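Please look at the sequence and the model together, and keep both in view while you read. The paragraphs below move from one part of the chain to the next.

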Amino acid sequence: MNHHPHVGPERARFLTILAVLVCLALLAVTAGCAPTAQLHGTAPARVGLPGVQTLTVDHFPGPYGEQVRQCLLHELLSGDRYTVLEGSGPAQAVLRAEVVPWLEDRQSTGAATVTDRMERTVTITRDDGTEVTRQETVRVERTVFVPQVQRSAEVTARLTVVDPRTGGVLAATAETQCFEDSYGGPESLPEAKEYDADSTALEDMPSQRFILSELGCDVGRELGRALMPQAYVRSAELDVGQGDGPVEEGAWLADQGDWEAAARVWRSVLDRDPDNPAAAYNLGLYWEARGTVDDFLLARDFYRQAMAMEPKMLYRTALERIDQRLDEAGRLAEQKGQPAGQP
């Protein structure tokens, strides 16, 4: 059994300062070590269905419609945005799709250069008139023509979301996934000069059905993602201020995930120095990282304070970002049928 010693506050502070010093030393070499905040968010669905909570997915006709449908269902069931019902009702929306597959194999031949080794007998006449016979190996190049196939394929699905009560279209979108590759040819012939170990021999070419099924599943997943809010993570740079002192110390605490300790440091800085833009900006990041609409509004206030003190690009970018996130939160709440302020 491993025993982990208790790390007291002084020891923890020492380790934090040591980490800062190490990173600053590396910064001189790499110029890339700066404290950052990881901002987790959720983007609204590309295809929003305001007020729709329950839906069903019709049968998708066509030879690859079922692949599209199954992968779309898997994506929808992996989230909690919708309740997917079996059968045709009583859902608030019905998903229908037209699936169009296409595949073309263009056959041709490619010229490959192959070197053969041949033995031949050579007779040499010496100055004294005697003859000497010997065997020698020579290399002879020849051209061979190797069959090759250039395959192109795509699957397109046109999705329509229908209100089952009225038959009206609530939304529509389309997704296409493409594929292109070559098989055989000179690059697949091991004895050819043109041989490439990464090429695929003609006999290893996957079936047409396999390619179209994979494309169909990719299409289904993308359609599902279009209907679902998508989580994301962004990095935002923390401001170290003058580079020595409590503002920087707080930045490194936040970089390591101790946001509450970092916020206490920055509030203390603003209590002593209300005109410190770096501390105000970092407190904006603290609130933005918390993630609610009310937190975003507080973050915007701090970013505006920092911008008023110093019109810095870092602060301007933060203001643009927080406005975008407030817009995202509003659209996400609308899609879920919630009051504004509940993303």
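Predicted model: local features only at pLDDT ≥ 70, side-chain atom pairs only at ≥ 80, totals over all residues.

Residues are numbered from 1 along each chain as its sequence is written, and side-chain values use heavy atoms, with hydrogens and water left out.

We begin with the sheet. Helices (H or I, at least four residues) and strands (E, at least two) are DSSP runs numbered from the N terminus, and two strands pair if DSSP finds at least two bridges between them. Five strands form an open sheet in the order S3-S2-S4-S5-S6, and the pairing is mixed. Its edge strands are S3 and S6, each of which pairs on one side only.

Strand S2 covers residues 54–57, and both of its faces are covered, with Thr 54 and Thr 56 buried on one side and Leu 55 and Val 57 buried on the other. Here buried means under 20% relative accessible area, exposed means over 50%, and partly exposed lies in between (1.4 Å probe, protein chains only). As a general rule, the side chains of a regular strand alternate between the two faces of the sheet.

S2 pairs with strand S3 (residues 83–84) in the parallel sense over two bridges, and the bridge partner of Thr 54 in S3 is Thr 83.

S4 and S5 run antiparallel and are joined by 32 bridges, with Val 114 bridging to Arg 142 in S5. Which residue lies 4.8 Å from Val 114, C-alpha to C-alpha, although 78 residues separate the two along the chain? The residue is Ala 192, which sits in the loop between strand S6 (169–184) and H3. Ala 192 counts as buried because its relative accessible area is 7%. Leaving aside neighbours within four places in sequence, Ala 192 is in contact (heavy atoms within 4.5 Å) with residues including Ala 112 and Val 114.

Strand S5 (residues 131–162) also holds Thr 156, which is buried because its relative accessibility is 10%. By contrast, Cys 178 is exposed, since its relative accessible area is 54%.

Now turn to the cysteines that are bonded. The structure holds one disulfide, joining Cys 71 to Cys 217 with an S to S distance of 1.8 Å. This pair links distant parts of the chain, 146 residues apart, with Cys 71 in helix H2 and Cys 217 in helix H3 (residues 208–227). Both Cys 71 and Cys 217 are buried, and their link is left-handed, with -85° about the S-S bond.

Finally, helix H8 (residues 313–336) has 24 residues and reaches 34 Å from its first C-alpha to its last, close to the expected 34 Å, where the expected span is 1.5 Å times one less than the number of residues. Just after H8, Gly 337 takes a positive phi of about 70°.

Notes. Disulfide = S-S within 2.5 Å.
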